[in-house]
Amino acid sequence: MSNWTSRSIGRDWQHRFFYLAIKLGGRRLAYLCLYVVVAWYALFSAVAKERASHYLARRFPAAGPWERFGRRYRLILTFGQVLIDRAMVGIIGAERIKVQLHGKNALLNLLAEGKGMILVNAHVGCWQVAMSSLSFMETPVNLLMQREEGDIDRHYFEHAGIECPYHIIDPRGFLGGALEMMEVLKRGEVLSVMGDRMLGDDQNGVPVEFLGEQVTMPFSAYKLASATGTPIVALFSYKTGPDSYDLKLYRTIRVPPGLGRDQQAFVPYVQEFAASLEEFSREHPFQFFNFFNMWYE
Amino acid sequence: MSVKEKLKQVLIEDLNLEDLTPDMIEDEMALFGDGLGLDSLDAVELVVVVQKHFGVEIKDMDEGRPALQSISTLAKFIEEKQAQ
């Protein structure tokens, strides 16, 4: 993962081209352009091929060259569609995307416990669209988010020219944002973190099994849950149609108090999350968007 | 036992700093980084330890940032809170 960066492989003008297509012709025109662009990337871009191969080789281990091409095309196409949808929410409005939530009552019941909630997301579906539909909770939402320098990819609220509707906690802040995260949970608020990828220089990861091999996933959220008694939920979104997404509560993870400093103690709970993510990748194989080698060599 | 001494003792016990004795921890030693060697996630544990043993809550960043610098600053914070 040392040479990998989360920055888009697309150039700035290519992003602008799609934003213009959305403004002029809406989703239909942007999608139409996307089919051609994705075909080029899937056929000729060595970087795109390499980045897509890590996950696809684990998810579909037995595949011939044509199958590999077809799956690579589908994965990159879905990723492109999700980026267009995300931009659409900002440029045209959130009402253009319908989001159906599975597990709403369970989420409200967990919040009613008064200990806040840790949403552990992943780079699947469109988490930004998912987040935009959580207003029913009537509780402030805080995001642990690090923006990579030079990233030209925009969030939906940046397209809309509005202030970010969430409070951003920067992991590069004082003590990695740990105190700030505790503070919002004590107030009974929602904290959203990414559970599938180590952020920046974060060393707080544990090995778990994902798609048959070992990966490292962060355990900070689980430590916070142990210290505060906050429930963790694995909440993933997925695209179900041209203008629709579902948001599903896959699992509630309860981390017992007093697990202390031994990072091995957190492995079973991180593994629960990894199992949820694996379940997701079985149900929605082309909506998993980690384009780097998560697995140990 | 003073707050500083008790603090050193509970840090060693609750944070499993097995290689250290209270005598080895200097009052002005930084809690995080090069000093005592705690990391950002230990801050979470530290907040819990302070509440458990001293009945003092570190409520937010405004309180936490100055308090969590060294044994001295944390002990001073605890004493002030206990006196209130």
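Begin by selecting helix H7 of chain A (residues 178-186) together with helix H2 of chain B (residues 40-54), whose axes come within 8 Å and cross at roughly 45°, the axes being lines fitted to C-alpha atoms over the stretch in contact, with angles running from 0 to 180 degrees between N-to-C directions. Helices here are DSSP runs (H or I, at least four residues) numbered from the N terminus.

This is a predicted model in which local features need pLDDT of at least 70 and side-chain atom pairs count only at pLDDT 80 or more, while totals for chains, interfaces and linings use all residues. Residues are numbered from 1 along each chain as its sequence is written, chains are lettered from A in the order in which they are written, and side-chain values use heavy atoms, without hydrogens and water.

Next, show the side chains at this crossing: Ala178(A), Leu179(A), Met182(A) and Lys186(A) of H7(A) meet Ser40(B), Ala43(B), Val44(B), Val47(B) and Val48(B) of H2(B), contact meaning heavy atoms within 4.5 Å.

Staying in chain B, move to helix H4 (residues 71-83), where Ile71(B), Ser72(B), Leu74(B), Ala75(B), Phe77(B) and Ile78(B) are buried, that is, under 20% relative accessible area with a 1.4 Å probe and protein chains only. Their cover includes helix H1 (3-14), H2 and helix H3 (61-67) of chain B.

Finally, colour chain A by domain 1 (12-91) and domain 2 (98-283), bounds that come from an automatic or database domain assignment. Their C-alpha centres lie 25 Å apart, and their contact takes 18 residues from domain 1 and 19 residues from domain 2.

Technical notes: Helices (H or I, at least four residues) and strands (E, at least two) are DSSP runs, numbered from the N terminus. Buried means under 20% relative accessible area, exposed over 50%, partly exposed in between (1.4 Å probe, protein chains only).
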